[in-house]
Amino acid sequence: MRFEMLASGIDPMHQFKIETLVPLHVGTLDLSFTNSSLWMAIAVIGASLFLTLAMGGRRMVPSRMQSLAELSYEFIAGMVRSTIGTEGMQYFPFVFTLFIFVLFCNVLGMIPGSFTVTSHIIVTFALAMMVFIGVLLIGFARHGIGFLGLFVPAGVPVFLLPLIVVIEIISFLSRPISLSVRLFANMLAGHTMLKVFGGFVVMLFGAGGALSVVGIAPLLAITAVTALEFLIAFLQAYVFAVLTCIYLNDAIHLHGDHH
Amino acid sequence: MEAEAAKFIGAGLACFALLGAGVGIGNIFGNYLAGALRNPGAAASQSGNLLLGFALCEATGLFGLVVALIMLFAL
């Protein structure tokens, strides 16, 4: 299938190719401005413009744009309060920034012909490492060496402890990997699937005759899948933010008992 | 067996991850529906958890895809 598509010029992986726009080399470092940098910049500028302009009026009765901005603020603020508690609100700017950045990158990637920044593991891994190192720093700053108590769950029989502690440490260390791979794999798989199905529809219509009538069914299906991808784009940003909150909660209240 | 052939077989086997993801997603929506039919009043408040569970579950299937891609293109 893939080779047939390649022959007809439809390569599902081509959309993930990094292209250099402005070459810039410092020593052995390649700091070129690429299409990835461009869409990251667009996401940041778009998000800043959206939130600044929407809140510019500060009306008592909000306009549509202002409601959108307030809605997203309240959504994340509610999530932070319910997972970490009120003292977690000091980390709200961080969580909100992460959420908005990932959301804008995901949604901007849905524009045909654009570039999905979050479909590259290095971008999501950098974000996840930021969360991971942040959690470590906050945990040790708040609890000192007592933060290591995170690896010793309460109420476990002593003879099971050697096993449980090892499992807890491995699961803690794999957090940045699972957090980044989840977002990256979702974006990669979704966009590849759209392209493969889209190429299939184009090939059917191109075949002409009865086959182009058959092609209407996958065309409708891909429309539904595109709608699903918009849901996934939002959902993955939400999941990234929720898991960040859960990890922060571990660092603030060991064993997550904030109630 | 040629190494190239083994790669493709391995990549195909990695798709078994979908088995677990399918069972998991079915479980989540099935249990949500069962709970929602028993207590419709509480259903709306749990839709956030439903979507969170769905997204976490779906991602495990995609880990299999990543393994398949690594086998095909990185090894």
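Helix axes are taken here as lines fitted to C-alpha atoms over the stretch in contact, and the angle between two of them runs from 0 to 180 degrees between N-to-C directions. In the predicted model, the axes of H3(A) and H4(A) come within 10 Å and cross at roughly 130 degrees. Angles of 65 to 115 degrees count as roughly perpendicular and those over 145 as roughly antiparallel, and H3(A) is therefore oblique to H4(A). The crossing of this pair is right-handed. On the side of H3(A), the residues involved are A:Ile76, A:Ala77 and A:Val80, which meet A:Phe92, A:Val95, A:Phe96 and A:Phe99 of H4(A). By class, this contact comprises seven nonpolar residues, with no polar and no charged ones.

The loop between H3 and H4 of chain A contains A:Thr86. With 9 other C-beta atoms within 10 Å, A:Thr86 is exposed, since a residue counts as exposed when 12 or fewer such atoms surround it. A separation of 45 Å lies between the C-alpha atoms of A:Thr86 and A:Leu21, two residues that are 65 positions apart along the chain.

The axes of H4(A) and H9(A) come within 8 Å and cross at roughly 160 degrees, so that the two helices are roughly antiparallel to each other. This crossing, too, is right-handed. From H4(A), the residues A:Val95, A:Leu98, A:Phe99, A:Val102, A:Leu103, A:Asn106 and A:Val107 take part. Their counterparts in H9(A) are A:Ala233, A:Phe234, A:Gln236, A:Ala237, A:Phe240, A:Ala241, A:Thr244 and A:Cys245. Twelve nonpolar and three polar residues form the contact of H4(A) with H9(A), and no charged residue is present in it.

The fold of chain A as a whole may now be described. Chain A has nine helices and four strands, arranged along the sequence in the pattern α-β-β-β-β-α-α-α-α-α-α-α-α. Along its principal axes, the C-alpha trace of this chain spans about 70 × 55 × 50 Å. Of the 259 residues in chain A, 24% are buried. Among contacts in chain A with a separation of 6 or more, 63% join residues 24 or more positions apart.

In soluble globular proteins, nonpolar side chains tend to be buried together. The largest nonpolar core of the present model has 47 residues, and those with the most contacts inside it are A:Phe99, A:Ala237, A:Phe240, A:Ala241 and A:Cys245. At least two residues of this core are supplied by each of H2 (35-56), H3 (64-84), H4 (92-108), H5 (121-143), H7 (175-207) and H9 (216-252) of chain A, and likewise by H4 (47-74) of chain B. The largest share, 14 residues, comes from H9(A).

The contact between the two chains takes nine residues from chain B and nine residues from chain A. On the side of chain B that touches chain A, nine residues are nonpolar, whereas no polar and no charged residues are found.

Technical notes:
Residues are numbered from 1 along each chain as its sequence is written. Chains are lettered from A and ligands numbered from 1 in the order in which they are written. This is a predicted model: local features need pLDDT of at least 70, side-chain atom pairs count only at pLDDT 80 or more; totals for chains, interfaces and linings use all residues. A nonpolar core is a set of buried Ala, Val, Leu, Ile, Met, Phe, Trp, Tyr and Cys residues joined through C-beta atoms within 7 Å. A residue is buried if 20 or more other C-beta atoms lie within 10 Å of its own, exposed if 12 or fewer, and partly exposed in between; C-beta atoms are placed from the backbone. Two residues are in contact if their C-beta atoms, placed from the backbone, lie within 7 Å. Ala, Val, Leu, Ile, Met, Phe, Trp, Tyr, Cys and Pro count as nonpolar, Asp, Glu, Lys and Arg as charged, and the others, Gly among them, as polar. Angles under 35 degrees count as roughly parallel, over 145 as roughly antiparallel, 65 to 115 as roughly perpendicular and the rest as oblique. A crossing is left-handed if the near helix is turned anticlockwise from the far one by less than a right angle, and right-handed if clockwise.
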